[in-house]
Protein chains: 4
Amino acid sequence: MSSSFGTLFRISTFGESHCKGVGVVIDGCPAGLPLTERDIQPQLDRRRPGQSSLTTDRSEADQVVIVSGTENGRTLGTPILLEVANRDQRPGDYGAMVNIPRPSHADFTYQMKYGTRASSGGGRSSARETIGTVAAGAVARKILREKLGIEIVAWVSSIGPLDASGIDPEHVTEQQVDRHQTRCPDPFAAEAMRALVSDLKEAGDSVGGIVSCVVRNVPPGVGEPTYDKLEAKLAQAMLAIPATKGFEVGSGFAGARLRGSVHNDPFVVRNGRIGTATNNSGGIQGGISNGEPIHFRVAFKPPATISLPQHTVDFAGNPVILAAEGRHDPCVVPRAVPIVEAMAALVILDLALQQEYRLTWRWGDGAVKTGG
Amino acid sequence: MSSSFGTLFRISTFGESHCKGVGVVIDGCPAGLPLTERDIQPQLDRRRPGQSSLTTDRSEADQVVIVSGTENGRTLGTPILLEVANRDQRPGDYGAMVNIPRPSHADFTYQMKYGTRASSGGGRSSARETIGTVAAGAVARKILREKLGIEIVAWVSSIGPLDASGIDPEHVTEQQVDRHQTRCPDPFAAEAMRALVSDLKEAGDSVGGIVSCVVRNVPPGVGEPTYDKLEAKLAQAMLAIPATKGFEVGSGFAGARLRGSVHNDPFVVRNGRIGTATNNSGGIQGGISNGEPIHFRVAFKPPATISLPQHTVDFAGNPVILAAEGRHDPCVVPRAVPIVEAMAALVILDLALQQEYRLTWRWGDGAVKTGG
Amino acid sequence: MSSSFGTLFRISTFGESHCKGVGVVIDGCPAGLPLTERDIQPQLDRRRPGQSSLTTDRSEADQVVIVSGTENGRTLGTPILLEVANRDQRPGDYGAMVNIPRPSHADFTYQMKYGTRASSGGGRSSARETIGTVAAGAVARKILREKLGIEIVAWVSSIGPLDASGIDPEHVTEQQVDRHQTRCPDPFAAEAMRALVSDLKEAGDSVGGIVSCVVRNVPPGVGEPTYDKLEAKLAQAMLAIPATKGFEVGSGFAGARLRGSVHNDPFVVRNGRIGTATNNSGGIQGGISNGEPIHFRVAFKPPATISLPQHTVDFAGNPVILAAEGRHDPCVVPRAVPIVEAMAALVILDLALQQEYRLTWRWGDGAVKTGG
Amino acid sequence: MSSSFGTLFRISTFGESHCKGVGVVIDGCPAGLPLTERDIQPQLDRRRPGQSSLTTDRSEADQVVIVSGTENGRTLGTPILLEVANRDQRPGDYGAMVNIPRPSHADFTYQMKYGTRASSGGGRSSARETIGTVAAGAVARKILREKLGIEIVAWVSSIGPLDASGIDPEHVTEQQVDRHQTRCPDPFAAEAMRALVSDLKEAGDSVGGIVSCVVRNVPPGVGEPTYDKLEAKLAQAMLAIPATKGFEVGSGFAGARLRGSVHNDPFVVRNGRIGTATNNSGGIQGGISNGEPIHFRVAFKPPATISLPQHTVDFAGNPVILAAEGRHDPCVVPRAVPIVEAMAALVILDLALQQEYRLTWRWGDGAVKTGG
């Protein structure tokens with residue numbers, strides 16, 4: 001079940017870098033939702049390579065087609081197939097590397113796991129696999145926005161040693177994020193990041209970074225203790241994105257250094273409802289949303305494929321010097337922004353749907369309603 | 001399905017702090033495994049409160065009973081119920097707090113989610129819920145050890161601002177870890193940690209910390225791309241532990257600051273097989289184990305329940321000052337060590353079992369075998 | 001995941017015939033439901049052996065205990081463990097049969113599957129395994145009755161060559177069914193069945209039978225195409241009951257002999273809503289309930305364990321004559337009635353909960369509501 | 001999760017009668033399997049309408065394309081998308097029936113469930129939905145044949161009142177079945193069936209029938225007690241096929257009339273292994289295969305869409321007379337044969353894969369091996 005995610009809003013993705021196409025089947029989408037390719041394409045455009053001089057030069061049109069599940073621009077409640085044709089099918093661009101597993105890439109482990117692997121482009125481990133995630137996430141996001149007014153905004157908060165500052169998670173917008181090639185809404189840091197990535201691209205090297213994300217207007221009650229806690233499913237979702245190495249929610253690793261008397265978020269009455277004065281919890285307590293903004297951060301390693309020569313061994317164990325050919329991204333975090341948002345949308349929608357019956361089928365009290 | 005975890009080795013836990021008992025049903029355990037309570041009890045003893053002056057003074061015997069699934073000390077392949085009776089059933093010790101949700105505790109969110117909650121002790125959100133996890137994890141661990149020689153060792157690497165140093169993940173042992181009340185195998189840091197926690201207990205405050213974990217001898221090929229990547233399931237598992245705020249694998253957040261030419265792990269031949277010269281990948285590439293040690297870190301926040309007075313509001317929105325009565329842990333990380341190990345064992349065993357058929361049913365090559 | 005069933009209202013059963021206990025964990029039960037042992041025990045009493053002279057003489061008290069998941073007689077929304085202690089633990093009553101697999105029993109296949117098996121009483125394949133199902137079903141049934149007014153009534157419609165007649169599925173009640181030892185509400189057939197079973201018991205033989213079931217007041221819309229169609233999940237549930245050999249819904253196998261012009265159920269307006277004039281569909285069309293009564297039938301084979309001598313071979317392949325010792329049921333269908341009802345309740349509740357979000361999260365129309 | 005099936009070999013289907021395409025994603029297929037469209041197309045050709053004068057006159061080419069998951073004619077172990085384009089997209093052929101739910105069709109229940117439905121052709125409830133099932137089943141079947149030598153053969157055993165006879169389930173072949181338009185391998189019955197269906201087509205009526213199926217060479221040990229018993233999953237799978245009303249395995253409903261002393265299958269030694277002298281069990285005991293041929297029967301109702309006028313009501317409750325236009329199948333069972341075989345293959349492969357780790361990870365005995 002490795003390529004499926006979700007319980008009620010369930011996605012199943014498919015596709016390698018150089019087969020005929022990539023995409024996703026969505027099962028469980030509510031019926032009647034207005035949905036056309038125009039709702040999905042913009043997020044794919046934010047994800048695709050070739051958007052700016054900072055990313056790989058490959059030009060991938062990545063036009064999504066809704067193959068099933070809608071009629072007259074509305075969902076039927078049946079499975080939705082979203083498909084994107086691959087332009088470059090079997091180009092052999094990576095031919096020289098067939099016998100040399102790229103250091104820190106999935107070439108070696110796919111070969112170990114399956115006894116075979118796609119001969120070029122990373123196959124299933126390619127970033128093209130995230131197209132299905134982003135497409136399904138765009139649908140989830142639309143549902144969350146229309147039914148609950150939920151807003152999801154991610155941005156680049158670090159690239160290499162450079163950190164953004166001054167970003168207000170309560171108000172930052174997608175427009176502010178997209179104003180910069182690096183998707184860092186702090187203009188000062190953004191410019192430094194741009195220069196750094198540009199230099200590294202020139203040098204044939206790569207660099208890591210951090211994506212931050214906020215989800216606003218999630219009602220209280222979303223998240224399923226024990227093992228499907230909201231933060232647990234977010235953590236799974238984020239670590240399922242290629243190249244991720246860490247996840248933290250609310251105070252995160254820094255919170256581990258604090259005392260409880262400092263870290264605790266006291267309850268207050270705000271706008272006629274109970275909220276918290278601070279938000280070290282990141283909007284989640286005991287695995288369940290508390291109505292405050294949910295915020296978390298995701299660490300991405302530097303891309304493994306670089307042009308600089310590396311001393312390594314081939315599959316037969318012979319020492320070789322590898323200098324990757326082809327076109328590679330020196331830094332994935334700007335393109336990772338819509339992927340992080342998509343996974344967040346998928347997690348929250350699925351858990352919100354699971355919460356639904358708990359409200360309607362409850363005995364004896366006035367419950368908080370998540371659905372419209 | 002919130003209280004279930006795993007696909008082939010699947011656990012379902014139950015129990016609140018003050019009901020009749022807590023525990024777990026394990027479904028899918030291989031047959032013929034020698035298994036008695038003595039295989040499980042030691043890990044429960046490591047988890048339970050009252051082990052040392054540093055933890056809560058509550059004395060909980062927590063004796064596990066194997067109710068089903070074994071005969072003559074061997075597993076039958078049928079579901080195994082592991083049960084621990086609760087000694088303190090409905091003590092009302094927390095009575096004063098019924099109308100006041102503890103800041104940063106799950107009182108508020110459980111009430112929002114379910115429209116009700118256990119009147120005392122945290123109910124399902126209590127740390128007693130982890131007994132089922134630890135019991136099942138002990139079984140998983142035994143299987144991994146006997147079939148694959150896998151060793152899992154976790155330890156406390158930070159408490160508050162204090163960091164351990166000099167710990168060698170390739171060789172650190174459970175015996176070294178348990179030599180100290182704090183479960184930090186660096187004696188110098190351990191003593192400082194002990195003093196810090198002792199002071200905070202006295203002061204009615206609490207403190208967070210970090211648990212590190214290494215898993216040695218995992219064969220290559222374990223982990224299911226895309227959404228059930230090994231690091232993704234570990235992240236879910238760790239963030240499902242109460243009070244966790246972050247997870248990082250391999251180079252983690254620090255890796256996000258590096259360049260690819262520095263971060264990449266070159267392949268080398270070692271002991272007759274292909275390994276990596278460094279291990280920034282943390283033993284995982286593309287969601288699949290590569291045969292190197294898997295290492296990760298988990299951040300725990302300071303416990304929410306403290307005796308120091310806190311300004312907050314009750315469920316009706318009235319301002320109150322809350323000073324928790326009862327017995328509370330000033331720092332959970334020493335007791336969290338066996339929980340982290342248990343969750344790691346559950347993740348790895350379940351993914352290793354999922355890999356099994358991929359090897360036997362493969363066409364045309366010599367595959368790496370995970371099972372015995 | 002073999003011992004789990006359901007997606008949102010999910011049960012996990014455990015227990016063999018001679019371990020310490022049997023039962024079930026229910027995950028996903030709505031919160032606030034009034035629930036005590038008295039809601040569950042009556043169905044266990046209907047299931048247990050020794051109820052009448054027609055069943056096995058074993059006396060099993062089978063007292064259920066709610067171990068977790070409730071407080072003050074109401075559900076918390078957390079997992080509910082329902083447990084029944086085994087009185088006869090390891091009696092060795094079946095000792096002589098250890099090396100001889102009983103013909104048409106699960107002894108042989110369990111040994112093949114697991115490489116081991118319980119040494120007595122059938123272990124997991126024993127009818128005691130159904131205690132968990134019946135206990136969980138009693139909870140599901142209460143929820144369906146209280147929230148939707150759903151009634152589930154099963155009865156014995158055939159034993160061996162004897163068929164009941166004159167039973168009106170729209171009005172038959174549990175009281176009418178339980179008036180007879182055989183649970184056949186046709187008094188004339190019931191008496192003949194009683195005599196037949198009594199004779200076969202005397203003769204050391206056994207006999208099969210058919211259980212019919214009706215579910216009234218299921219709202220339209222329950223059932224999940226494609227693979228979780230209402231009839232598909234009912235079929236799975238019924239064939240999961242020990243000793244079952246067939247399932248048919250509505251017109252069933254007889255319907256396969258008809259023409260469409262005769263078989264089709266025309267729509268009519270009745271009581272202000274659209275219903276059907278006939279009900280060959282058995283209340284289900286395209287996998288989804290249509291608001292009419294759901295009715296189906298389940299075939300049970302004669303119990304495999306009989307006292308009459310049988311020519312067979314032992315595990316080593318040596319010819320032997322087997323005459324089972326111990327106490328055996330000559331006919332399971334009277335006791336199967338509450339099991340069929342329980343499985344029906346579990347299927348319908350789980351699918352009704354899955355339907356819930358589809359109603360609340362729908363765009364643009366007036367939908368039929370399943371929940372209260 | 002309604003459109004997904006399976007645990008390790010997991011399929012997710014998509015597509016309505018008049019959207020852009022229909023098909024399936026297969027997740028979990030073993031790697032290295034030689035696989036091209038030629039392995040799949042023949043079963044789609046057996047399923048499609050227009051094969052003979054007995055089925056609907058619609059001509060559907062139904063050419064399958066492997067979009068992902070293979071390279072150079074072998075599977076990669078990654079998700080496989082099998083897609084078939086719809087030729088007739090939005091033809092409006094069924095326009096007159098938009099406001100009139102067809103009696104015994106899914107029009108009414110889809111509208112109740114989703115609050116909307118496809119305007120023509122049945123949408124998701126159309127028989128075109130089974131294309132995905134058949135395509136995935138062809139892959140499962142090839143794996144079972146190559147790895148275990150398993151043969152799956154289904155045939156038409158009844159149409160309306162006409163029953164086939166003299167068919168030997170141990171030896172009947174696909175070639176014998178396909179020799180007749182009706183897929184009934186008894187030539188005498190086949191001719192009578194052909195005439196009956198032809199007459200009913202002329203008359204604008206339809207008729208039901210029964211499909212029988214045998215699965216040969218399944219090793220002992222396949223099937224997961226309790227709820228995923230082999231017969232339980234087969235029952236779910238068969239009742240998930242459109243228009244099915246019943247399932248029976250082995251002796252089935254007839255077995256319910258017998259005594260145990262007659263029904264029991266004594267063990268014998270045959271070909272050096274333990275088998276059974278008779279096979280009333282249908283190759284399954286206690287939910288687990290015993291090594292004998294598995295045989296079962298599936299009842300299909302007459303198709304709901306007929307040209308004969310029917311008195312019914314429209315969605316507003318107004319009495320109307322409906323005479324369906326368009327092209328309809330008078331009898332689905334000949335085309336259902338490959339669908340039954342496909343679902344059988346999917347069930348058995350998935351359960352065989354689940355059994356795999358139980359063998360390799362077993363302690364202390366010589367186990368029966370299912371995999372190659």
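In α9(B), residues B:Leu353, B:Glu356, B:Tyr357 and B:Thr360 meet D:Leu353, D:Glu356, D:Tyr357 and D:Thr360 of α9(D), where contact requires C-beta atoms, placed from the backbone, within 7 Å. The residues of this contact divide into four nonpolar, two polar and two charged; Ala, Val, Leu, Ile, Met, Phe, Trp, Tyr, Cys and Pro count as nonpolar, Asp, Glu, Lys and Arg as charged, and the others, Gly among them, as polar. Both helices span residues 333–360, and they pack at an angle of about 95° with their axes 8 Å apart, the axes being lines fitted to C-alpha atoms, for helices over the stretch in contact, and the angles running from 0 to 180 degrees between N-to-C directions. α9(B) and α9(D) are therefore roughly perpendicular to each other, a class that covers 65 to 115 degrees, whereas angles under 35 count as roughly parallel, over 145 as roughly antiparallel and the rest as oblique.

This is a predicted model, in which local features need pLDDT of at least 70 and side-chain atom pairs count only at pLDDT 80 or more, while totals for chains, interfaces and linings use all residues. Residues are numbered from 1 along each chain as its sequence is written, and chains are lettered from A and ligands numbered from 1 in the order in which they are written.

Helices (H or I, at least four residues) and strands (E, at least two) are DSSP runs, numbered from the N terminus, and strands pair if DSSP finds at least two bridges between them. Two such pairings are listed here.

The pairing of β11(A) with β11(B) belongs to an open sheet of ten strands with antiparallel pairing, whose edge strands are β9 (162–163) of chain A and β9 (162–163) of chain B, each pairing on one side only. Helix α9 of chain A packs on the sheet, touching β8 (151–159), β10 (209–216) and β16 (294–300) of chain A, and its direction makes about 145° with that of β8(A).

Between chains C and D, 95 residues of chain C are in contact with 96 residues of chain D, and the chain C side has 41 nonpolar, 36 polar and 18 charged residues.

As for confidence, the model scores ipTM 0.96 and pTM 0.96. Chain A averages a pLDDT (the predictor's confidence in each residue, from 0 to 100) of 92, with 93% of the residues scoring at least 70.

Notes. Two residues are in contact if their C-beta atoms, placed from the backbone, lie within 7 Å.
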